[in-house]
Amino acid sequence: MKILAIETSCDETAIAILECEGDEKSARFTVLGNALFSQIEIHKEYGGVFPALAKREHAKNLVPILEAALEEAELLHEDTQAIPEEKHDRIATILSREPDLTEAFFDFTGECEPPLIDAIAVTAGPGLEPALWVGLNFAKALAILWGKPLISVNHMEGHLIAALAGRKHMPPQTDRSVFEISGVKMPVLALLISGGHTELVCMREWLTYELIGQTRDDAAGEAFDKVARMLELPYPGGPEISRLSEEARETQEKSPYTLPRPMLHDATCDFSFAGLKTSVLYLLRDNPSIREGDKKHIAREFEDAVADVLLGKTTRALDMTGAQTLVIGGGVSANTHIRRVFTKKIENEYPYVTLCISIGPLATDNAIMIALAGFYRALRDDFSTPDSITVNGNRSLA
Ligand code: KG4
Ligand code: ZN
């Protein structure tokens with residue numbers, strides 16, 4: 001089936017169209033179209049994501065992104081469409097808070113044939129509610145116009161399923177990316193680390209989750225972003241800290257700073273990153289002579305502390321759950337050092353565990369992951385209607 005997926009939970013406006021085949025045990029995905037607009041440059045000025053601005057940017061970009069994705073998928077065929085009045089009014093009501101989006105929506109869809117897709121998957125949470133609503137209303141409007149079913153996707157399920165997907169090597173004559181999910185051994189333990197979430201979740205059967213541990217305060221990505229701001233690095237801080245830390249590692253010098261590993265030795269699988277962040281604040285306050293060149297050592301010690309805690313808690317959860325597969329997903333899984341330490345640990349101490357870390361472009365927010373999770377939902381007939389679907393900014397997996 002062809003799924004058109006929409007992601008607007010944070011600062012990426014993304015739409016992807018995938019051909020999805022197979023079943024839970026062995027699924028294959030061909031990316032037909034994939035368009036993404038990152039708002040990073042816009043939010044940089046504010047040092048973080050500004051929800052009202054994110055919403056406005058999504059509204060501005062959804063139609064051009066849709067057009068780009070359809071075009072790439074060769075599903076864009078010009079034709080004048082007469083929209084029945086009843087449908088027109090229903091859609092106009094749904095999009096009424098976004099007059100510019102409404103106008104762009106009718107201008108675009110009035111000039112193209114309904115594309116040959118089977119369903120529309122959309123992120124319905126967790127995330128920034130104003131941002132989620134724009135994407136969800138847009139999806140509802142398309143579903144009504146084209147008469148397609150909706151699939152409500154949990155953003156974190158998207159990160160998890162995407163991390164399970166491996167890239168399949170295709171013969172050189174095809175330039176489309178193909179991903180496969182097959183032979184997954186249960187139970188799966190997922191470490192989901194993003195800007196808003198840090199959690200350990202166990203999946204013993206497909207799409208059934210048990211929460212094993214979670215952050216009690218800040219998310220790992222949030223800590224990266226906040227510490228980066230203290231070090232006067234641009235938003236988003238994760239990649240910046242990672243870059244600086246790698247520089248420090250190359251020097252082979254021992255870090256002159258020591259930061260705590262919060263909750264590493266307590267008996268739970270929970271995390272806490274707020275104290276670590278505050279320790280960096282105090283370190284900077286108490287050492288006013290810290291120079292530009294010292295920042296990389298602070299970045300490295302911070303990254304080491306986060307990696308140690310993530311690793312310690314995850315191995316505790318592996319022992320507790322007897323998981324056969326470890327999945328690491330979410331934006332922070334793009335971190336070079338974290339990938340390295342987990343790969344080494346699993347190779348050396350858990351050789352029977354299969355490690356799946358999101359491949360590069362699927363680690364941070366994108367719409368491909370929403371299509372992947374959408375397909376797993378569709379396999380269970382988990383469809384929604386424009387009247388039943390809604391947003392939940394705090395939606396959880398378990
Ligand atoms: O999953 P994601 O793209 O969006 C959310 O769902 O939140 O994650 C974004 C987070 C940001 O906090 C960003 O700083 C962090 O992922 N991040 C990284 C790296 N790349 C992105 N953190 C550490 N190292 C990276 N290379
Ligand atoms: Zn995310």
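A residue counts as near a molecule or strand if one of its heavy atoms lies within 4 Å of it. Keep that rule in mind as we begin at ligand 1.

This is a predicted model, in which local features need pLDDT of at least 70, side-chain atom pairs count only at pLDDT 80 or more, and totals for chains, interfaces and linings use all residues. Residues are numbered from 1 along each chain as its sequence is written, chains are lettered from A and ligands numbered from 1 in the order in which they are written, and side-chain values use heavy atoms, with hydrogens and water left out.

**Stop 1: ligand 1**

Select ligand 1 and the residues around it. There are 18 of them, and His159, Gly195, Asp225, Gly331 and Asp365 come nearest.

Next, show Gly195. One of its backbone N or O atoms lies 2.8 Å from an oxygen atom of ligand 1. This is a polar contact, meaning a pair of N or O atoms within 3.5 Å; within protein, one must be able to donate a hydrogen and the other to accept it, and residues adjacent in sequence count only if both atoms are side-chain atoms.

Move on to Gly238, where a polar backbone atom is 3.1 Å from an oxygen atom of ligand 1. Then pick Asn335: here a polar side-chain atom lies 3.0 Å from a nitrogen atom of the ligand.

**Stop 2: the two domains**

Now colour the protein by domain. Domain 1 covers 2-165 + 362-378, and domain 2 covers 185-358; such bounds come from an automatic or database domain assignment. The centres of the two domains, taken over C-alpha atoms, are separated by 30 Å.

Where do domain 1 and domain 2 touch, and how many residues are in contact? Contact means heavy atoms within 4.5 Å, and 21 residues of domain 1 meet 24 residues of domain 2 in this way.

The size of an interface is often given as the accessible area lost when the parts come together. Between domain 1 and domain 2 the buried area (accessible area, 1.4 Å probe, that two parts lose on being put together, summed over both) is about 2000 Å², with carbon and sulfur atoms giving 73%. The rule finds 5 residue pairs in polar contact across this interface, both residues being at pLDDT 80 or more.

To see the domain 1 side, select helices H1 (40-44), H6 (155-164), H12 (360-363) and H13 (368-378), the elements that give two or more residues to it. Helices (H or I, at least four residues) and strands (E, at least two) are DSSP runs, numbered from the N terminus. H6 gives the most to this side, with 7 residues.

**Stop 3**

Side chains of opposite charge can pair when their charged atoms come close. Select Lys44 and Glu41, which form a salt bridge with their closest N and O atoms 3.2 Å apart. A salt bridge is a side-chain nitrogen of Lys or Arg within 4 Å of a carboxyl oxygen of Asp or Glu. Lys44 and Glu41 both lie in helix H1, 3 residues apart, about one turn of the helix. The count comes to 29 salt bridges, but between domain 1 and domain 2 it is 0.

**Stop 4: backbone details**

Zoom in on Met186 and Pro187, joined by a cis peptide bond with omega of about -5°. Pro187 sits in the loop between strand S7 (178-182) and strand S8 (188-193).

The peptide bond from Tyr235 to Pro236 is also cis, with omega near -10°. Find Pro236 in the loop between helix H7 (220-230) and helix H8 (237-251).

Finish with Met263, which has a positive phi of about 65° although it is not a glycine. Look for Met263 in the loop between H8 and helix H9 (274-286).
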